[in-house]
Every structure is written in structure tokens, then in C-alpha cells.
Amino acid sequence: MEILECNDLHVQVNRYKQLILIIEKLHSFLDVNILLGEFCLALKEVYPDFSFSLLLSQDTYNHSDLPIIDLEYDSENIAAIKAYATGELQFEFSSSDKHAIIYAPLKGKQVTYGVLQLIAVDTTEFPANEVEFLSLLAESVGSSIENAHLYQQSKQEIANLQLINETSHSLNSNLRLVDTMTYMSEQIIASIDAQEVGFFLFLNEQVNVKILPGSTPYFYTKQAQIYIDYIKGKIELDKNPIFIGDSNLQNIKSKTSFHSILAVPMIESEKLKGFSIVMHKEPYFFSFDTFKLLQSLIHHSSLALTNSMLREELEHMVITDHLTKLHSRKFLDDKIQWSMKESEEGTFILIDIDNFKELNDTYGHQVGDKVLVQVANLIKRNIRGEDIGARWGGEELALYLPGVPLDRGAAIAERLVKKVSECSDPHITVSCGVSYWNKEQLDAYNYLFKRADEALYIAKGTGKNRVVIQKDNIRVS
């Protein structure tokens, strides 16, 4: 087919009216995928006898039904690469095959997005007015693509700012540590489509790391330790964020290996507190914009993380006895009152170190403190997670066992008395008073304490190193 030059002024006017309509339509689209589809339809209408392809530099478009090809820099298509690199039209002619090809760069003000390749068969050259028409069309498409990209980028930036603002607001709402990190993990997974998210806190002058709550279960597996150790080493070395598009770590031969890895240090007051790791199995899954978003999220979470840790540390100090590391008496009081409202039964044990004054007088207060710690440690090793050990006052300790009947509670007290006598150094003994409550009888926590105190008084007055149980009647064992 031969291209006829449009010398007729009327035909040229109509041609450029068509160009204006196409340009106006393309500029109305702010979705790049839709824009490219409409451009292809316009090309088919304007050049029904030509074949064409869009050689695009970014393979980020949903174009399964469009003639779009990735523009590869090592391609043998020299003319296409030259058009892309120079931003100028390039031509190819073949006298043997009788076809002509024009390469028109799709150029915006900032960058060139690709090249339009238009092939005309049975043709040896393109007329000047057709070249001008194609040049204007390609330039308009490049400008439309750029506008759509800028619009999408601005929308994403606004969304990212909203996400960071909402995250900062939520994290500064006095959340507990587990809630803070769980919220962060959910935000990261939702915003950047991560498969695994981990948070790690440095311990012991950065020798070890602790996995924080909110980390996905994978980071508690043996396989994850390879990634954790690798990132820990790099973060310690230069304290900079890490972007890995396609990891090739040694010793990772599992089919579940992760290729895309992002890591961001958590720094507060210029001190390295820990780091986060985000991973995906596909290589080059995360974009650089995603990397920047993650850095912003982690930066804004670092203060909230520190605040949560300090708040929980302060709370722990308030409810913990400094010497024995058992709970405080106030904490014990509150928990027993709550238990007597919510549970069915419970056993209370009051523990007193026998002859403690003589121990202090003989060995000194430091040894007395050491003995208190020994007994406290024995209590901690012999109770369940829901049981409460506390410093009652002076040489008296206490133990509350929610949901435990009297016979089991008495057995625990007996075992404790035996353990102290066997394991203490210097050798000491303890006496225990045990009381009990259940829902079937009207009771109050101050009476529960009083009964245990009365039982302990009897234990101390009847030989010590023993357990006395008081329910309705006193029973000495």
C-alpha cells in the first residue's frame, strides 16, 4: 500500500481536527492502563492498514490484550533504542520487503516513557505531513502518560501521608507494646503487601536480639534465623536502611526462600534500638517508593515503641518488688479482689521465713536479702503462669492460686516448705498459713487474708517449718 500525500487543504484540516479530538480525549484519562487502551483504539482508527506496537520502558501496565512490548536496552532494535535515548523520530526503510517503519518517542517533560513503532507495508517512505502528524500524536500521548503518572503519584503520596498520620495517631494513643507492634505489622502488610514482617529489639549491648510481638510466625522458625542474623550484621555495621531486590544468601536452599527484603533500623534519640524486616518471595517485588514508605512508618513508630516499652517497664516497676522481683502487695490485693468476683474458688498462702531476725543478726542484712531472693525464686519456679507470688512485707511472702481448691493449695504449700528446707543456703525454714474461698460461701478478701494470718500465727507457735490450713476449722499438718 502506498501512502498518499494530503495536499488538499480541506483534508488536512479534518486530519488535524481528528488529532485535536484524540489529544483531548487522551488527556481526560488519569489511569495509564485505560489511556494506553484508548490510544491503541485511536491508532487503529487513524491507521487501519498499518501495524503498530508500543515499546514501553516500564512493565507495570495491565496490557494483556494490547500490542505492548517491553523496551529492552540490549535489544537489536537499534532504531527504537535511539528514538528512546535521543527523544527524536527514527526511520527504517526496506526496499526489498517494501515496508517503512517509524519510531516515535512517547516523550513527556520529565522522561520518555517509550516508543511508538508504526509499520507501513508496500511503502518506501512517510510523507512529511504524516511524519508531523505522528510526531504531534506521540508527543501528546507522552504528555498524557506523564499527567496520568503524576496524578497517580500524587494520589499515592496523599494516601501514604494519610497512612503515616493515622499510624502516628494510633501509635501515640498509649497502646501497650503488643498492641503497638501488632498494629504496625497489620499496617505494613496492608500497605505494601508484605508476606512476612518482623520486629527485633537489641539486647545486651547489641549482642542478641529479641523478637517483638507483632512479628509474623515465620520469624520464630529456625529457617528465619539466617535472614535475622544477616540483617542484624548489616544494621549493626552502618545503621542504614537495606533494600535487597533479589537476595542470594548462602545456606538458603528452601523453596520458601525470600528474595525481596527490606530492612529499616529503629533509632530513637540517636541510639539504635532495633530493626524491622519485611520480606516477599518474589524478586524485585518492592518498589523504591514502597521502601521510602516503610522507612517513614518505622521512623514514626520508633518513638511509640520506646514509649510503650518505657511505660510497661514503669508499670512493671510499680507492681514488682525491687528485691525479690515478685509482685507488689497492692498488685496482689487487686488481683485477688478481681478473682473473687470472676473465679469460682481460690487458695491464699501466707509464707514467713522462720527466725529471720536471728539470721540477720548472725549473718548480716545482705545474707538476709539473699535468703529472701532464694525463697522468692523457689516460689516462681513452682507456680503456674496465672498464679501470683508477692512480697507481703518484711520477711513475709504470699502466694495466690486462682481456681485452685484447698487440698491442691495445701499440697503446694507443703512442697514449698520442703523445698526451702532442702535447698536454702544458709539453711532456713518457712512456715505457711493457708486459707481458701469459693462462690458457695459469702466471703471477702480481707477475711481471706485474716484467716491465712491466723493460720500462720499458729504454725509459728507450734514448731515452725510447717503448714497450717484454716477453712472453717484450723487443721495443722
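Modeller: Let's start at Lys-234, which touches Lys-239 and Ile-242, leaving out residues up to four places away in sequence; contact here means heavy atoms within 4.5 Å. This is a predicted model, so local features need pLDDT of at least 70 and side-chain atom pairs count only at pLDDT 80 or more, while totals for chains, interfaces and linings use all residues. Numbering runs from 1 along each chain as its sequence is written, and side-chain values use heavy atoms, with hydrogens and water left out.

Lys-234 sits in helix α6 (residues 224-238); helices (H or I, at least four residues) and strands (E, at least two) are DSSP runs numbered from the N terminus. With 32% relative accessibility, Lys-234 counts as partly exposed, as buried means under 20% relative accessible area, exposed over 50%, and partly exposed in between (1.4 Å probe, protein chains only). Ala-263 is 29 residues away from Lys-234 in sequence, and their C-alpha atoms are 9.7 Å apart.

Now the sheet. Five strands make an open, mixed sheet, ordered β2-β1-β5-β4-β3, where two strands pair if DSSP finds at least two bridges between them. β2 (68-70) and β3 (90-94) are the edge strands with a single partner each, so one side of each has no neighbour in the sheet. From one strand to the next, the twist averages 20 degrees. β3 runs antiparallel to β4 (residues 99-107), joined by five bridges, and Ser-94 has His-99 as its bridge partner in β4.

Two helices pack on this sheet. α2 (residues 32-46) touches β1 (51-56), β2 and β5 (112-121), and its direction makes about 155 degrees with that of β1. α3 (residues 78-86) touches β1, β3, β4 and β5, at about 140 degrees to the direction of β5. Axes are lines fitted to C-alpha atoms, for helices over the stretch in contact, and angles run from 0 to 180 degrees between N-to-C directions.

Beyond its neighbours within four places in sequence, Leu-106 contacts residues including Leu-54, Leu-116 and Ile-145.
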